[in-house]
Amino acid sequence: MSKSIMTRMKERLRGWRHRLRRIPPQPDWVQVEINNTCNLDCIMCPREAMTRPDRHMTQQEFQEIADKVRKADVRRIRLFLLGEPLLHRELIPMIRYCKQIGIPSVEISTNAVLLDEAASEELIKAGLDELVISLDGADAETYEAVRRGAVYEEVAANVRNFFRVREQLQKQRPRGVIQTMLMKPTRQETAQFVELWRPVADELRIQSVHEYGGIEGLSYTKRTQDDELRPCPALWSHLVILSDLTVVPCCIGINGELALGKITEADITDFWLHNERLNSLRRQHCKLAFDDLPLCQDCEMISLDVMKRKAAACTEYGQD
């Protein structure tokens, strides 16, 4: 290895260690899996590898979490992970409670199968700040092959009706984000998708598929042995709380493999700044010591080159 490359690596490692000492006082957001049940069987979802029992958080459990999020001055709470949030009967009261206690941004992501006019109106009136609607493919054949169990024309109508209802109510919120996954089955239709939905959405979001939990064969931005590695930014950006109240550092450990404890055991700030397992993960990442971290070792988020390739692929369709 040349001296210049070695020097650059040492400089980067010093920068990462400096970052380790400068952990933000609170996460940028907290992701709360209010339920881990879903009404679809999407080809890019790792739910088949999930061994946790199906569970819906109770309203009381959620309110205690929301109180901790507010106490920690976290500005964003996202009410989804491996479940469809519109399946939770207490979703609307949960959103209302978050806004009542002063959490600035409350967000959900939905497959829009249940986003009928009544659901749209309830979400808007509850004070939801951002609604991410996941669509994949620009026609029924591709969409229904990816989002197995959904009917394209029905979902597309739901999406358009949401924006119509919001306009009728003369509201600006929630922001309507239409999101698609860039992957092998959809890439040939992505330009058509952008043309179709950009005039409708407040924001059109294109994301490259993230393969984990046994999902393979969908991505075209694979890691290689020559990729430059980096610490995963998730360890410095957010926390995830699973439906069984387990706190984890990211979405990859879908069965709580990287469990930091139960949210009932400590406050958000305690987990974020003082949890020994989380800080140990940060130290290992800053050393690029992934050998003892199989979930991290196999994750594409530690490859700087993969992230660059993903960004370049999305930029091709007008995404920054």
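Which strand and which helix each supply at least two residues of the lining of the largest cavity? In this predicted model, local features need pLDDT of at least 70 and side-chain atom pairs count only at pLDDT 80 or more, while totals for chains, interfaces and linings use all residues. Residues are numbered from 1 along each chain as its sequence is written, and side-chain values use heavy atoms, with hydrogens and water left out.

The contributors are strand 7 (175–182) and helix 7 (190–197), where helices (H or I, at least four residues) and strands (E, at least two) are DSSP runs numbered from the N terminus. A search of the whole structure returns one cavity of 30 Å³ or more, a cavity being a set of points on a 1 Å grid over the protein atoms alone where a 1.4 Å probe fits but cannot get out. The largest cavity holds about 30 Å³ of space, the volume being that filled by probe spheres set on the points, which are joined across faces, edges and corners. Its lining (residues with an atom within 4 Å of a point) consists of Gly-137, Ala-138, Thr-180, Met-181, Thr-186, Glu-189, Thr-190 and Phe-193.

Turning to the aromatic rings, two aromatic pairs are found in the whole structure, with ring centres required to lie within 6.5 Å. Phe-162 and Phe-163 form an edge-to-face pair because their ring centres are 5.0 Å apart and their planes stand at 75°, the cut-off for this class being over 60 degrees. Both Phe-162 and Phe-163 are buried (under 20% relative accessible area, 1.4 Å probe, protein chains only).

Charges also sit over rings, as defined by NZ of Lys or CZ of Arg within 6 Å of the ring centre and within 35 degrees of the ring normal. Arg-78 places its charged end over the ring of Trp-29, 5.4 Å from the centre, and Arg-282 lies over the face of Trp-272 at 4.6 Å.

Conventions
Rings of Phe, Tyr and Trp (its six-membered ring) pair if their centres lie within 6.5 Å; planes under 30 degrees apart count as stacked, over 60 as edge-to-face and the rest as tilted. Buried means under 20% relative accessible area, exposed over 50%, partly exposed in between (1.4 Å probe, protein chains only). On a 1 Å grid over the protein atoms alone, a cavity is a set of points where a 1.4 Å probe fits but cannot get out, and a pocket is an open set with protein on both sides within 12 Å along at least five of seven lines; lining residues have an atom within 4 Å of a point.
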